[in-house]
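Me: I have a structure here and some questions about how its parts pack. Let's take them one by one.

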Amino acid sequence: MTIAAHFDIEYLQYLGPDGKLVADLPKGFDPKSLLPLFKQMLFVRVFDTKSIALQRTGKLGTYAACLGHEATHVGIGSSMRPEDVFAPSYREYGAQFMRGVQPREVLMYWGGDERGNDFQIPRNDYPWCVPISTQCLMAAGAALAFKLRKEPRIAVACCGDGGSSKTDFYAAVNSAGAYKLPLVLCVINNGWAISVPRSAQTGAETLAQKGIAGGLHCLQVDGNDLIAVLEAMRRAGERARNGEGGSVIEFMTYRLHDHTTADDARRYRGEDEVKAGWTREPMLRLRTFLTAKKLWDEAQEKAWLEECGKLVDVEINAYLESKVQPVEAMFDYLYADPPPDLLAQRAAAIALEKRNG
Amino acid sequence: MAEKTAANAAPAAITLIEAITQALAYEMRNDKSVVVLGEDVGVNGGVFRATAGLSATFGPERVLDTPLDETTIAGLTVGMASQGMKPVAEAQFDGFMYPMVDFIVCHAARMRYRTRGRLSCPMVLRVPWGGGIRAPEHHSEANESIFTNVPGLRVVMPSSPARAYGMLLAAIREPDPVIFFEPKRIYRQYKEVVADDGEALPLDVCYVLRDGTDLTLVTWGAQVKETLEAADALAKEGISAEVIDVATLKPLDFATIAESVSKTGRCVIVHEAAKTAGFGAEIAARLAEESMYDLVAPVERVTGYDTHIPLFRLEMKFLPSVDKIVAAAKRAVAHS
C-alpha cells in the first residue's frame, strides 16, 4: 500500500483533573504566571453566576453562561496582543475581559442594548456573533487585511463543536490555508450544541483534524487545563506571527450550565454526565496545583471572591442604572449618511414618543 | 511611453463593462485600501472581463482570486471591510450570490448599527445581473428586491457606461455596503465617451432620460433599452412618454418619480424581476401613498411573470418587451 499523505493530531495536557502534572511543563514556563489568570477565572465565574441570577430575577434577557469554559476562555484572551483582533461567538467573556471588554458591556448586550457591542477598549474586536461560525470567516477576512497590509497582527476566532459543522467554519479553514493567513480558529468543544451531542455533529474522530483538510496546523488540547491552553495558543500565535499560517485548536471542555438561560438541559442530558463534568472542571485542578505550590490558599480565595463580588456589583449597578437609548438610536447608526426617507421615519418616531410622553 | 499616450489621448468611447473596469482602475490608483476579489478576477480578468488588466497593473495582492466559494468571498469581504479596507467583491453571476446573503444581511448591513458605529462595512458587491444573454441555468436572475428590503444596504443599478463609471466610484467611496447590480445584457450594448476623471455620481438620484407629457415610464437596468424603444414607438403614435431610469433603488429618489407623475398623471413601471413583491410594488405603493390625486390612470406594472426565468429558448418571452410596454402605456393613456 502506498500512502499519499499521513496526519497525526497531537493532544496537549499538562495538568490532570487531580491537579497533578501529567507531563513536564513547557520549557521556561513559570507556574507563578498562572496566578493572575486563575484569579481572572474566578472573577469570570462570579460574573457568570451573578449574571444568571440577574436573568432569573428578570433583570437581564437571555444570557449564554460560560460555566466550565473559564480556562479556555481566559487562556485564549491572555495569549493575544492588544492590536490583534478577536472574533467571539457569544459566551467567551473570559477572553473578552482579558482584552478589555467591560462586564457592564456584556450585561448591556444581553440586557437588550446595542451599546454593549460598542467596546470601549478593544475597538477593532468583533461583536458577539449569533449566526453560528460566521465570525470565523470574518476573522479570516480580518487576517487577510493584516497580511495584505503587512501588519504584525493576528485574528483569533472561537466557535463551538456545533459551529465546526458549519459551512462558514470550513470556508475559514480553507481560506486560511489558501492565503496562509495569520488566523487561529479555536473550536471550543463543550460536548453540546444546545441539545445535540458532539457525537451527532460529525463522524470525525477529532474536531481539530478538520483543519488538516485546509493545510492548517492542528492540535487538540485539554481545555480545562490552563497550561495546555496557554501552550497551544502560544504555538498557534507564534506560527501566525511568523507567517507560517493558520491553526485549528480543539479545546476539550464541558458545558456545565444550560446552553443559555432559555434552555433546560435536563430534557436531554443525564445528571451523571454533568456530575462527571464537575470532576474535570478547570478551577478545581488549578486551585489544587497552585495550593500545592504554595501560591494560593483558602484565605486568599475567600478574600478574592469577596473582592470579585464587589467588582461585579459595580458593573451590574452601572448596567441597571443606564438609561434606555432614545428611540432615534434605532435610526442613528444604520448609515453614515442616512437617506431622507429614513430621517422622515426617525422624525415620526420621535414625534410619537413626545406625544406618548 | 504607452501610458503617457493613453493619458494624453482624448477620452475614448467605451462600453458599460469597460466603464466598470475604468472605474475600478481609477479608484485602485486613488486609494490603496481598495482591493478587488472574486472568482477568476485575477489573471483571467473576470468571466465578463470586468477586471481585465487589473492584476497586471496592481498585482495579485490587490486583485485576489478567491477559492471557489461564494460564502468565502462574502465573509472575507466583510472581514476586510470591517478592518479598514475597501474590498470590491464580484459575485460571478446573480444566481450564485445566494450563499452570500447571510453575510450581507446579518453582518454587512448591520455592522455599523450593531456596534453603534464602532465598526463599519465599506464594501461593494458587484453582481452581473439579469437575463437575456442565453446563459445556462442560474445565470439570469433579477433578484434586486431581495436586497432592497434589507435596512443598512444601498442597492444600485446603472444602465449606461457613464452612470456605471460614476456610480461605481461612488459605491467604492461610500462608507456603507453597496450592492452594485450590473445589467449584463447591456454590458456591450453601445459605447459612449466617459472621461476617466474620477468624478463620482450620486447614489440617491433617478435619471430622467427622456421628457414627456402623457405618461411616465419607470424602469432600471437592462429594461431601460426596451423602455426607451417603447417611448420611440409611442411617439410615432403621438404619445409622449417620459422615461425614468431609477438607477438607485435603495435609497429611492421618489421625488423625481412623483414630480414626473404630477405632470403626466400616468405611470407604467417596467422591471425584469417577477411581479409579486418586485421593486415595482414599492414604487406603486409610494404612488398610492403620495401621488394618488395626481393619477388619472391605474398604475401598471410590466414585469417578469411570477415564475422562474426559463432556460434561454423561452427567456425572451418572460422578459418585458417593447410590445408589452407599449400596450400597457396605451391602456394608461386611454384613461383621462
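Me: Is the crossing of α9(B) and α13(B) left-handed or right-handed?
Reply: This is a predicted model. In it, helix α9 spans residues 223–236 of chain B and helix α13 spans residues 322–334 of chain B. The crossing of α9(B) and α13(B) is right-handed.

Me: Which residues of α13(B) make the contact with α9(B)?
Reply: From α9(B) come B:Glu226, B:Thr227, B:Glu229, B:Ala230, B:Ala233 and B:Leu234. By class, the contact has seven nonpolar, one polar and two charged residues. On the α13(B) side, the residues are B:Val322, B:Ile325, B:Val326 and B:Ala329.

Me: Why is α9(B) oblique to α13(B)?
Reply: The axes of α9(B) and α13(B) are 9 Å apart. Angles of 65 to 115 degrees would count as roughly perpendicular, and those under 35 as roughly parallel. α9(B) is oblique to α13(B) because of their packing angle, about 55°.

Me: Which helix supplies the largest share of the side of chain A that touches chain B?
Reply: The contact takes 32 residues from chain A and 34 residues from chain B. On the chain A side, α5 (134–148) and α6 (167–179) each supply at least two residues. The largest share is 10 residues, and it comes from α5(A).

Me: Which residue of chain B does A:Ala139 contact, leaving aside neighbours within four places in sequence?
Reply: In the largest nonpolar core, of 202 residues, A:Ala139 and B:Ala329 touch the most other members. The contacts of A:Ala139 within chain A include A:Val85, A:Ala157 and A:Leu183. From chain B, the contact is B:Gly79.

Conventions. Residues are numbered from 1 along each chain as its sequence is written. Chains are lettered from A and ligands numbered from 1 in the order in which they are written. This is a predicted model: local features need pLDDT of at least 70, side-chain atom pairs count only at pLDDT 80 or more; totals for chains, interfaces and linings use all residues. Axes are lines fitted to C-alpha atoms, for helices over the stretch in contact, and angles run from 0 to 180 degrees between N-to-C directions. Helices (H or I, at least four residues) and strands (E, at least two) are DSSP runs, numbered from the N terminus. Angles under 35 degrees count as roughly parallel, over 145 as roughly antiparallel, 65 to 115 as roughly perpendicular and the rest as oblique. A crossing is left-handed if the near helix is turned anticlockwise from the far one by less than a right angle, and right-handed if clockwise. Two residues are in contact if their C-beta atoms, placed from the backbone, lie within 7 Å. Ala, Val, Leu, Ile, Met, Phe, Trp, Tyr, Cys and Pro count as nonpolar, Asp, Glu, Lys and Arg as charged, and the others, Gly among them, as polar. A nonpolar core is a set of buried Ala, Val, Leu, Ile, Met, Phe, Trp, Tyr and Cys residues joined through C-beta atoms within 7 Å. A residue is buried if 20 or more other C-beta atoms lie within 10 Å of its own, exposed if 12 or fewer, and partly exposed in between; C-beta atoms are placed from the backbone.
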